[in-house]
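Have the sequence and the 3D view ready.

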Amino acid sequence: MKSVALPGHRLQVLDRGAGTPLLFVHGFPLDHSMWQAQVDCFSQRCRTIVPDLRGFGKSDVHPGPNGMEDFADDLAQLLDALGETQPVVFIGLSLGGYIGWQFFQKYPERVLALVACDTRTVADSPEAAAARSAMIDRVRREGASCVADAMISRLFSPSSLQQQPELVEQMRQVILRTPVEGLAAALEGMRTRPDMTRILEKIDVPTLVMVGEHDVVSPPDEMRQIADKIYHSVWCVVPHSGHLSPLENPTVFNDALTEFLSK
Ligand code: MLT
């Protein structure tokens, strides 16, 4: 990992390999380590750029709300700081996908292709926004453990929860290490994120839409509608996975990404 200075704060980033740049953007409330199986596979032939977003992992915390556009701006500045001038394959999971729509809207010339994993385009409903407000209060009172307790069983499929306990525990530890203000700032940003559905028909780069077959956060039916609205989309359901398809079933995920990249 290296530490990269952006105007006002520092981001930690794993930067491995050479060739076509693949930018991997993690979900909430995780960090770069959720992409380990993809780094191992793709850094042999591509440049894998895998940051901890502001407020997560070992990156600096930035006072909230941290909106999707703020995260997207960080990523553009990160690429500049790394000297990466080629358009990237933007691979975002969930929160990473929300940021991906903003990144494409603001920096279309920097996107060679998109990979939208287990994500959504709609804004929070009033009920979801109220639940985020309650979680912001709780995390400030009780610490990161309440986020881990609320989310872990929703992130993984029932079979992963049973059969991959070490992986589940590894992600729980990542959440517990996340700074409270980093969690709160991202929750505030997600609570007010705009509906990005209208961007889908403007996407003119090849796009792979992937979802775990048992994802309850961004369910396959909803993601299928996203894929249907994108002209150049490829659709992939990852079996035996919940919301964290690249972690839960890296073999199928990596095969689908390899095939997509080869085209
Ligand atoms: C994520 O995985 O990034 C979160 O589930 C996104 C969200 O809470 O909306």
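An oxygen atom of the ligand has a polar side-chain atom of Ser 94 2.9 Å away, a polar contact, meaning a pair of N or O atoms within 3.5 Å. Leu 95 takes part too, with a polar backbone atom 2.9 Å from an oxygen atom of the ligand. From His 243, a side-chain N or O atom lies 2.8 Å from an oxygen atom of the ligand. On its own the ligand has 270 Å² of accessible area, and the protein covers 93% of it (Shrake-Rupley method, 1.4 Å probe).

A word on what you are viewing: this is a predicted model, where local features need pLDDT of at least 70 and side-chain atom pairs count only at pLDDT 80 or more, while totals for chains, interfaces and linings use all residues. Residues are numbered from 1 along each chain as its sequence is written, and side-chain values use heavy atoms, leaving out hydrogens and water.

Now look around the ligand. Its surroundings include Gly 27, Phe 28, Tyr 98, Arg 132 and Met 151, where a residue counts if one of its heavy atoms lies within 4 Å. By class, this shell holds six nonpolar, three polar and one charged residues; Ala, Val, Leu, Ile, Met, Phe, Trp, Tyr, Cys and Pro count as nonpolar, Asp, Glu, Lys and Arg as charged, and the others, Gly among them, as polar.

Finally, turn to His 232. His 232 and Gln 36 are 196 residues apart in sequence, and their C-alpha atoms are 28 Å apart in space.

Note on methods:
Polar contact = N/O pair within 3.5 Å; in protein donor to acceptor, adjacent residues only side chain to side chain.
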